[in-house]
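Please read this briefing alongside the sequence and the coordinates shown below. The points are grouped by topic, from the pairing of the chains down to single residues.

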2 protein chains.
Amino acid sequence: MPEQPTGHIVIVGAGFGGLRAARALAGKPVRVTLIDRNNFHLFQPLLYQVATAGIAPDEIAYPVRAILRRQKNLTFRMAEVQRVDRHGRRLITDQGEIPYDALILAVGSQSNFFGLDSVARNALGLKSLQDAETIRNHLLCMFEAALQETDEAACQALLTFVVAGGGPSGVETAGAVAELTRMLLKSDYRELKAGVRVILLEGTRRILNHLDPELSARAEQALTEKGVEVRLGAFVEGFDGSRVFLKDAQPIPAHTLIWAAGVRSAEVVDSLGGLQGSQNRVRVNPDLSLPDDPRVFVIGDAAYLENGGGTPLPMVAPVAMQQGTLAAENALARLSGAETAAFVYRDPGSLATIGRNQAVAQIGRLKFHGFLAWAVWLVVHLMQLVGFRNRLVVLINWAWDYLFYERAVRLITPER
Amino acid sequence: MPEQPTGHIVIVGAGFGGLRAARALAGKPVRVTLIDRNNFHLFQPLLYQVATAGIAPDEIAYPVRAILRRQKNLTFRMAEVQRVDRHGRRLITDQGEIPYDALILAVGSQSNFFGLDSVARNALGLKSLQDAETIRNHLLCMFEAALQETDEAACQALLTFVVAGGGPSGVETAGAVAELTRMLLKSDYRELKAGVRVILLEGTRRILNHLDPELSARAEQALTEKGVEVRLGAFVEGFDGSRVFLKDAQPIPAHTLIWAAGVRSAEVVDSLGGLQGSQNRVRVNPDLSLPDDPRVFVIGDAAYLENGGGTPLPMVAPVAMQQGTLAAENALARLSGAETAAFVYRDPGSLATIGRNQAVAQIGRLKFHGFLAWAVWLVVHLMQLVGFRNRLVVLINWAWDYLFYERAVRLITPER
């Protein structure tokens with residue numbers, strides 16, 4: 001019979017995966033430390049709504065201490081992990097060292113610019129709360145600048161918004177940018193003569209290529225109806241802040257490039273020295289531990305695990321959450337000398353929204369689109385939002401937005 | 001009979017005074033340009049609530065374009081005025097030059113550190129939205145840092161919060177800081193052994209010295225009950241980031257000094273080259289125009305006008321709003337060659353809140369305090385908040401806060 005587990009489990013990252021792992025350890029006979037560089041959990045699926053002035057930043061950020069207040073065996077530390085010292089079984093952070101008996105890395109992903117320096121320098125990523133606020137400020141500043149611009153072509157370049165990447169994040173962002181900018185032209189910036197262009201660039205032959213081709217076609221049609229120019233087979237090669245350079249095509253004069261074309265696992269995992277799969281994700285055993293270190297588990301976007309047939313598990317919240325629970329159980333098992341279990345993914349289906357009343361959904365063999373898919377998307381996301389207060393306020397804001405076509409948060413907030 | 005006014009009236013500042021002036025010109029036969037460095041109107045009376053994590057920044061900021069959308073003769077420009085060229089009748093801004101036929105300067109006030117360089121460098125002002133967010137982040141970071149601190153005295157210094165200035169703004173802030181920090185100790189930071197100290201420093205012999213002495217005493221008592229140490233006759237001489245230096249007293253070990261001890265008119269008015277009264281406010285004629293320039297009006301915090309008996313009008317929203325309306329009418333009169341009118345202040349009374357259910361009020365000869373004053377304060381401020389959406393969301397947040405003693409916005413937002 002295995003012993004009672006004792007010891008110290010450290011979880012890095014308070015995203016979907018890390019929070020689930022923390023909760024799975026509630027009431028267990030271990031000490032738990034959760035670390036994040038921010039003091040809040042970020043509800044990433046709605047980040048694009050902050051970027052497009054639909055909702056306010058605090059509506060998708062919730063203090064970790066408030067979420068886990070009742071968990072007696074847990075300590076939260078706001079710190080940035082600099083590297084993992086597996087030999088010494090400790091983390092090196094900007095707030096000092098933190099030793100562990102077992103470690104769960106749920107550090108997520110960051111933008112991947114594939115070595116395109118000019119893009120990394122000038123494009124706008126959409127991975128953090130400050131990214132989203134930066135995009136919102138930038139979009140609105142482009143309109144303010146366009147008012148001062150007398151040259152027609154220069155004005156058009158200010159009002160051309162390019163989104164790179166036709167995955168769910170790029171599609172959602174392009175749809176929301178189109179809605180925001182059309183509203184702005186109608187209401188706040190009626191003086192502007194130039195029209196707005198929103199361009200979505202996708203490298204492959206269809207957008208949302210993880211879904212059924214029929215849904216890709218529906219999504220493309222819905223975007224087009226919203227005024228988004230969808231360009232397939234388009235590869236970004238550079239961006240100097242005023243022109244987006246493409247492979248085998250004319251550059252696009254534009255001052256805005258939102259980058260949703262690639263992510264990689266958060267850089268801190270590079271310090272593990274383990275084997276890395278595509279997108280720098282760390283290869284893990286089926287039980288989510290490192291092949292050469294049974295005390296270290298990696299989950300979610302940061303982990304590479306194949307889902308049968310050689311396809312890696314997608315970088316989505318359901319994978320992270322399910323792995324969070326299992327990693328917690330496996331870490332406990334490891335400390336007590338018990339057997340660990342292998343990860344089995346239960347796919348809840350995919351949803352991608354394209355705007356105020358348009359989405360596409362694929363759940364098992366079921367495919368649907370339009371208002372119904374959007375309603376499902378809305379309910380799923382509202383249910384998931386952490387904390388009743390956020391849920392209520394977000395709901396009121398959305399309802400307001402939906403009924404009155406009003407974007408309330410179009411603030412340009414100065415840098416602090 | 002005077003002619004129809006024609007021409008271009010420029011208003012600088014979208015605060016309480018500037019907005020009123022803009023609205024008073026709706027439908028009049030003039031072209032109006034409103035300029036502000038931000039694209040939003042800031043509801044300053046609730047700024048301290050953002051600083052103490054009670055409400056979110058967007059709840060007190062409302063886009064100017066949304067407020068004035070229906071005003072056909074008005075253009076808004078987001079620009080920072082660098083100086084006024086009265087000779088050339090134009091403004092020099094960071095977005096180019098803007099000529100005017102008549103000018104209304106409603107530029108407000110900024111923190112005044114009275115030449116105390118170390119205070120200017122290290123203390124936290126509370127005049128802008130970014131100031132408020134900076135204070136909120138700082139307060140929460142002090143708690144995070146205290147968790148990592150093993151030395152008892154050093155920990156106490158991290159948890160000592162000093163507010164300088166016993167006027168309405170300092171009193172409100174000290175009360176709210178005491179409530180926030182007490183709540184944080186009870187809930188999110190129960191590990192902390194050290195207690196919190198909140199100290200309010202006032203240079204004169206009583207706080208809220210613009211009110212009746214009885215109300216000052218009531219307010220002092222209410223603050224003391226909330227755990228605020230009120231120190232009268234205390235003058236700040238310096239602050240090095242870890243010690244607040246006082247005249248004729250021991251320094252206070254503290255990492256936080258919130259500065260509510262002095263304001264001056266916004267610096268841009270210095271470029272007018274006019275006579276300036278106390279707090280660098282610009283001396284104006286009874287009709288609010290400059291003594292040597294009938295086309296330039298100055299209102300609100302930026303203007304110096306005595307209210308009979310040699311006392312200057314206070315730097316409060318009602319003065320700015322009433323002057324905004326009159327300045328607009330007088331600017332119109334000037335353009336048409338008609339007579340201008342003199343400003344007469346109708347004092348609506350004073351309110352200062354001390355916390356969740358405590359305030360003091362003086363309306364004419366009526367004085368009251370406690371929950372009733374707080375309820376009046378709440379209603380007055382909710383009624384004034386621009387825009388229904390803000391009003392509703394702020395109300396929900398407040399109700400939530402009040403019922404559940406929860407501060408929902410305790411986010412530490414990273415710098416962008």
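The model is predicted, and it contains a chain A and a chain B that touch one another, with 35 residues of chain A in contact with 36 residues of chain B. Chain A is superposed on chain B by a rotation of 180° with 0.0 Å of shift along its axis, at an RMSD of 0.0 Å; that is the relation of a two-fold axis.

**Interface and symmetry**

- The same surface serves both copies, since 100% of the contact residues of chain A recur in chain B.
- On the side of chain A that touches chain B, at least two residues each are supplied by strand 4 (61–63), helix 3 (64–67), helix 5 (129–148) and helix 11 (388–404) of chain A.
- Helix 5 of chain A gives the most to the side of chain A that touches chain B, with 7 residues.
- Sorted by class, the side of chain A that touches chain B holds 16 nonpolar, 9 polar and 10 charged residues.

**Domains of chain A**

- Chain A is divided into two parts, each made of separate stretches of sequence: domain 1 comprises 8–37, 79–111 and 263–336, while domain 2 comprises 117–261 and 349–404.
- Taken over C-alpha atoms, the centres of domain 1 of chain A and domain 2 of chain A are separated by 31 Å.

**The six-stranded sheet of chain A**

- In chain A, 6 strands form an open sheet of mixed pairing, in the order 5-2-1-9-21-20.
- The edges of this sheet are strand 5 (74–78) and strand 20 (289–290) of chain A, each of which pairs on one side only.
- Strand 1 (residues 8–12) and strand 2 (residues 31–36) of chain A run parallel and are paired over 5 bridges; within this pairing, A:Ile9 has A:Val32 in strand 2 of chain A as its bridge partner.
- Helix 1 (residues 16–24) of chain A packs on the sheet and touches strand 1, strand 2, strand 5 and strand 9 (102–105) of chain A, with a direction that makes about 160° with that of strand 1 of chain A.
- Helix 9 (residues 317–336) of chain A lies across strand 1, strand 9, strand 20 and strand 21 (293–298) of chain A, and runs at about 165° to strand 9 of chain A.

**The three-stranded sheet of chain B**

- In chain B, 3 strands form an open antiparallel sheet in the order 23-24-25, and the edge strands are strand 23 (350–355) and strand 25 (366–370) of chain B, each pairing on one side only.
- From one strand to the next, the twist of this sheet averages 5°.
- Strand 24 (residues 358–363) of chain B is joined to strand 25 of chain B by 5 bridges in the antiparallel sense, and the bridge partner of B:Ile363 in strand 25 of chain B is B:Leu366.
- Helix 8 (residues 213–225) of chain B lies across strand 23, strand 24 and strand 25 of chain B, running at about 170° to strand 24 of chain B.
- Helix 10 (residues 371–384) of chain B also packs on the sheet, touching strand 23, strand 24 and strand 25 of chain B, and its direction makes about 80° with that of strand 24 of chain B.

**B:Leu215 in helix 8**

- B:Leu215 lies in helix 8 of chain B and counts as buried because 23 other C-beta atoms lie within 10 Å, where the cut-off for a buried residue is 20 or more.
- Beyond its neighbours within four places in sequence, B:Leu215 is in contact with B:Leu208, B:Val360, B:Gln362, B:Lys367 and B:His369.
- B:Arg136 is 79 residues from B:Leu215 along the chain, and the C-alpha atoms of the two are separated by 29 Å.

**Other strand pairs of chain B**

- Strand 12 (residues 197–201) of chain B is mostly covered, with 4 of its 5 residues buried.
- Strand 11 (residues 160–164) of chain B pairs with strand 12 of chain B in the parallel sense over 5 bridges, and B:Val162 stands opposite B:Ile199 in strand 12 of chain B.
- Strand 15 (residues 243–246) and strand 16 (residues 249–253) of chain B pair in the antiparallel sense over 3 bridges, with B:Leu246 opposite B:Ala249 in strand 16 of chain B.
- Strand 15 and strand 16 of chain B form a hairpin with 2 residues between them, and B:Asp248 in the turn has a positive phi of about 55°.

Terms used
Residues numbered from 1 in each chain as written. Chains lettered and ligands numbered in written order. Predicted model: local features only at pLDDT ≥ 70, side-chain atom pairs only at ≥ 80, totals over all residues. Contact = placed C-beta atoms within 7 Å. Nonpolar A, V, L, I, M, F, W, Y, C, P; charged D, E, K, R; others polar. Domains from an automatic or database assignment. Least-squares fit on C-alpha atoms with pLDDT ≥ 70 in both. Pairing = 2+ DSSP bridges. Axes fitted to C-alpha atoms, helices over the stretch in contact; angles between N-to-C directions. Buried ≥ 20, exposed ≤ 12 C-beta atoms within 10 Å, placed from the backbone.
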